[in-house]
Protein chains: 2
Amino acid sequence: MSAQVVEFPRKEPSLAPILSLTATAMNSVNSVILDRMQSEIPLIPALAGHLISGGGKRMRPMLTLAGAELVGYGGTRHHRLAAAVEFIHTATLLHDDVVDGSETRRGKETANIVFGNPATVLVGDFLFSRAFELMVEDGSLKVLKILSGASAIIAQGEVDQLVAQRRIETSEERYLSIIGRKTAALFAAASRISAVVAECSEEEEEALDAYGRNLGIAFQLVDDAIDYDTGTAEMGKDKGDDFREGKMTLPVILAYARGDAEERLFWQDAIAGFRIEDEDLEHATRLIQRHDAIAATRERARHYAQRACDALSIFPENKARAAMVEAAQFAVSRGY
Amino acid sequence: MSAQVVEFPRKEPSLAPILSLTATAMNSVNSVILDRMQSEIPLIPALAGHLISGGGKRMRPMLTLAGAELVGYGGTRHHRLAAAVEFIHTATLLHDDVVDGSETRRGKETANIVFGNPATVLVGDFLFSRAFELMVEDGSLKVLKILSGASAIIAQGEVDQLVAQRRIETSEERYLSIIGRKTAALFAAASRISAVVAECSEEEEEALDAYGRNLGIAFQLVDDAIDYDTGTAEMGKDKGDDFREGKMTLPVILAYARGDAEERLFWQDAIAGFRIEDEDLEHATRLIQRHDAIAATRERARHYAQRACDALSIFPENKARAAMVEAAQFAVSRGY
């Protein structure tokens, strides 16, 4: 292991290298996904397909595939497991949209709007069960332990986020704990299992876990920044959703912490749900800009992305590692 | 194996023998349940405990425990697995109540009413994940395969029930397929895994699967009969719920099949949701009585309970077998 500074390149970071690295394997993963979301009940593939075919980036399975390339795994077990990871993620998204009453995702109507909450909850359950079936077929108890553990942690993070909703007193530490669970746990698990199927050392497993975990936190921080960033037009992200739902994200936490007494009164009312009109959102956005809270959130994200890249330093320099580093850089450059 | 007619006793069948048979082990199961529904997020045990401590009969884990007694299993692995079964069941109930918008269960307010739909969906997900963690700790891939398969089947049954809702043309065959999935699959799995941990023969596994599956169908049939049976006051069951929700259950299917043209028009309107007042429910109940649809439903239940009992005939006559037979008899005598 060498202490090594991974330099950020001058050119615009891109997902192209990691997409190219994983393209062939991702075709196999997509085949498994399409095959295993089927059911005799036609509503199930219709509803699942609405989200799964709806232009998701397949980021989490991509981590599994890229990790497998990084460690030189030559088998195919990771295809099924990457599909399982995507199913867990999809189940979570379906339930999230019900929980939040969201109306659009990735630029189209959510499944709960098209098919109703009841079917959306149940198809989420189905996909979650299918994920476990896929893991059981693979047969690794170690992978099962990692992914069932991650699933329990995700659910706890989601509940904690719900509890923190509309609570202006939520701290940055609490927020980081929430996103560490609801987002980063699955990123970490998806990345780690590539090392497990390749029978890598514990050290390599830990490194891939750390890469995924830090990338997940960075990714969520940027997502949360974009929700208040008027300068960007990230595809499929509905600006102001977090504000209207009273979700406590880092831009708000920082703007509140750095605000004066009058501003704090505004935030208390807004997050409590009493000021959610368009003009309130505009005011909130102005306050966030005034205190550089978007820039600060992005700076935090860069910190975690750097940690993700540095975690890979125990692996030899190769095309896979370079692609994974650039993916982390891309994650924090989104929406600029 | 001997072809054997299990005689129904003259005395009122009771759950007492199976409760007594499994009492000690059930204490251990309850300890696992209480221990593993904990979380750092206090809302999770509060919400889960609302349902779990709310007087459920623990029927499914009881099947695992009774099966273990039947085959003379001397270990403790089944305690953790029985808790996993109860967690899967609890997760399903929480999601069911959200899906149906139910307001009471077991004579008290549902979790979705007390804690809201969002938290109820997410805590269901948490319990489902915990169930898999418990199974992974046990470490049997065979058990994992049985229970992950059952979970996927349950979800499909629930979706199919949702699709059939408000559709008067639903056939008895379709209904049996739905309850075979949404209810009987977990009864079958809970019963079967006792044979797996005891390393029984395939024949014994199949017999315990058949016992659980047929008992599950019988149990659901009686539940559905009770919902229209004015002569009974089953604790915690809210009469007329199925009617108001337009759920197609066997009493309705039979009353519709046996009804004349005018009656069929009534059923079409009622199941479609246009006649759901108390007087409509009274009329529906009268039609069901007129065509002996409750008695016919109970008769179908007895058929499955008898099949459940007969499936046990490959096992030696002993206290456990007698208790399991009586439990099946009790299941179909409920509400008389």
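This is a predicted model: local features need pLDDT of at least 70, side-chain atom pairs count only at pLDDT 80 or more; totals for chains, interfaces and linings use all residues.
Residues are numbered from 1 along each chain as its sequence is written, and chains are lettered from A in the order in which they are written. Local features need pLDDT of at least 70, side-chain atom pairs count only at pLDDT 80 or more, totals for chains, interfaces and linings use all residues, and side-chain values use heavy atoms, with hydrogens and water left out.

**The interface**

In chain A, 36 residues are in contact with 36 residues of chain B. Contact means heavy atoms within 4.5 Å. The two chains bury about 3,300 Å² between them, and 76% of it is on carbon and sulfur atoms. Buried area is the accessible area (1.4 Å probe) that two parts lose on being put together, summed over both. Ile41(A), Leu122(A) and Val159(A) supply 17% of the area that chain A buries against chain B, more than any other three residues.

**Two helix pairs**

Helices are DSSP runs (H or I, at least four residues), numbered from the N terminus. Axes are lines fitted to C-alpha atoms over the stretch in contact, and angles run from 0 to 180 degrees between N-to-C directions.

| Pair | Axes come within | Crossing angle |
|---|---|---|
| α6(A) and α7(B) | 8 Å | roughly 160° |
| α8(A) and α9(A) | 7 Å | roughly 140° |

Angles over 145 degrees count as roughly antiparallel; under 35 is roughly parallel, 65 to 115 roughly perpendicular, and the rest oblique. Therefore α6(A) and α7(B) are roughly antiparallel to each other, while α8(A) and α9(A) are oblique.

The crossing of α6(A) and α7(B) is left-handed. That means the near helix is turned anticlockwise from the far one by less than a right angle; clockwise is right-handed. α8(A) passes α9(A) in a right-handed crossing.

Residues of α6(A), including Leu122(A) and Phe126(A), meet residues of α7(B), among them Ala152(B) and Val159(B). This contact has 13 nonpolar, five polar and five charged residues. Asp, Glu, Lys and Arg count as charged; Ala, Val, Leu, Ile, Met, Phe, Trp, Tyr, Cys and Pro as nonpolar; the others as polar.

**Salt bridges**

A salt bridge is a side-chain nitrogen of Lys or Arg within 4 Å of a carboxyl oxygen of Asp or Glu. Two lie across the interface of chain A and chain B. Arg181(A) pairs with Glu40(B), the closest N and O atoms being 2.8 Å apart. Within chain A, Arg192(A) bridges to Glu206(A) at 3.3 Å. Arg192(A) lies in α8(A) and Glu206(A) in α9(A), so the pair ties together parts that are 14 residues apart in sequence.
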